[in-house]
Amino acid sequence: MAIRYHLGPALRADRAAAGEMIVHSSTALRIQQEELADELVRQGTTVRRADVLAVLDNLGLAVGHLCARGIAVSIPNLGTMTPRARGVVDRNGAWVRPLEGYLTLQADRGLEAVFNQHAKFQEVPRKPVRAIIRRIFNVTAAPGDVRLVPGDVFEVQGRHLRFNAAAADEGIFLKRAEGSTTEEVKVIEVWPQTPSRVLFRVPTTIMPGDWLLEVRVRQKDCSRVTVSEPQIILTC
């Protein structure tokens, strides 16, 4: 197993324009205490696996009780857990944000040294970002009416809905959803455009029938255009 990552364009526009790529971690593996106990035994401890599991069962409780009394707990080759407090009061002393405690974890240098000594990496393909349509409705018509009516205004809600409306291959498209025809119409009137919301006016050239609505967005690295999910079919 290895730490999986993919490359993406730099966050700063000038560096992205220069072609710089940055690493994004993609690791999603997680183990439970049973696997951790097995690893401890494999490392050569003389303690029985059952005893290791018993310690792990109670370790969090012990650390929690100590930190609750204002005591920082350091575990060799792991790190230090420190209790903190936060909250906000107004000028009259009333709590605007209630007082609460929280913990911080500072990794031990020994842990970081072992980690960096044995870390392995694996580059994986970057998952394409697609527009996700959560809801679509006709703003002009009565509630619940989603028929495509030429000239009516529709609202699309979801994620990753921002696109370059001036680009020929990006934007909102209506494709014939019936037969073998490849007819499609690009929507010209779109506003105001945010990552989670966009409005558009149904083109007056739309003819009766079923139409597949697609939101096409270009990847940040400009490599390709992706099509929205799920498929939305509207009837004119």
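Colleague: How many helices and strands does the protein chain have?
Modeller: In this predicted model, the protein chain has four helices and 15 strands.

Colleague: What makes the protein chain more spread out than a compact globule?
Modeller: Its radius of gyration is 27 Å, whereas the globule rule gives 18 Å for 236 residues, and because the value is well over that figure, the chain is described as more spread out than a compact globule. The C-alpha atoms, taken along the principal axes, fill a box of roughly 75 × 55 × 40 Å.

Colleague: How many aromatic pairs does a search of the whole structure find?
Modeller: The search finds one aromatic pair, and that pair is formed by F154 and F200.

Colleague: Why is the pair of F154 and F200 called stacked?
Modeller: A pair of aromatic rings is described by the distance of the centres and the angle of the planes. For F154 and F200 the centres lie 5.6 Å apart, which is within the 6.5 Å required for a pair; the angle between their planes is 20°, and because planes under 30 degrees apart count as stacked, this pair is stacked.

Colleague: How do you know that the pair links distant parts of the chain?
Modeller: F154 belongs to strand β8 (residues 153-159) and F200 to strand β12 (residues 197-201), with the two residues 46 residues apart.

Colleague: Why does F154 count as buried, and why does F200?
Modeller: Buried means under 20% relative accessible area; F154 has 0% relative accessibility, so F154 counts as buried, and F200, also at 0%, therefore counts as buried. Over the protein chain, buried residues make up 25% of the 236 residues.

How values were computed. Residues numbered from 1 in each chain as written. Predicted model: local features only at pLDDT ≥ 70, side-chain atom pairs only at ≥ 80, totals over all residues. Heavy atoms only, no water. Rg over C-alpha atoms; globule rule 2.2 N^0.38 Å. Buried < 20%, exposed > 50% of the residue type's maximum accessible area, 1.4 Å probe, protein only. Phe/Tyr/Trp six-rings, centres within 6.5 Å; stacked < 30°, edge-to-face > 60°.
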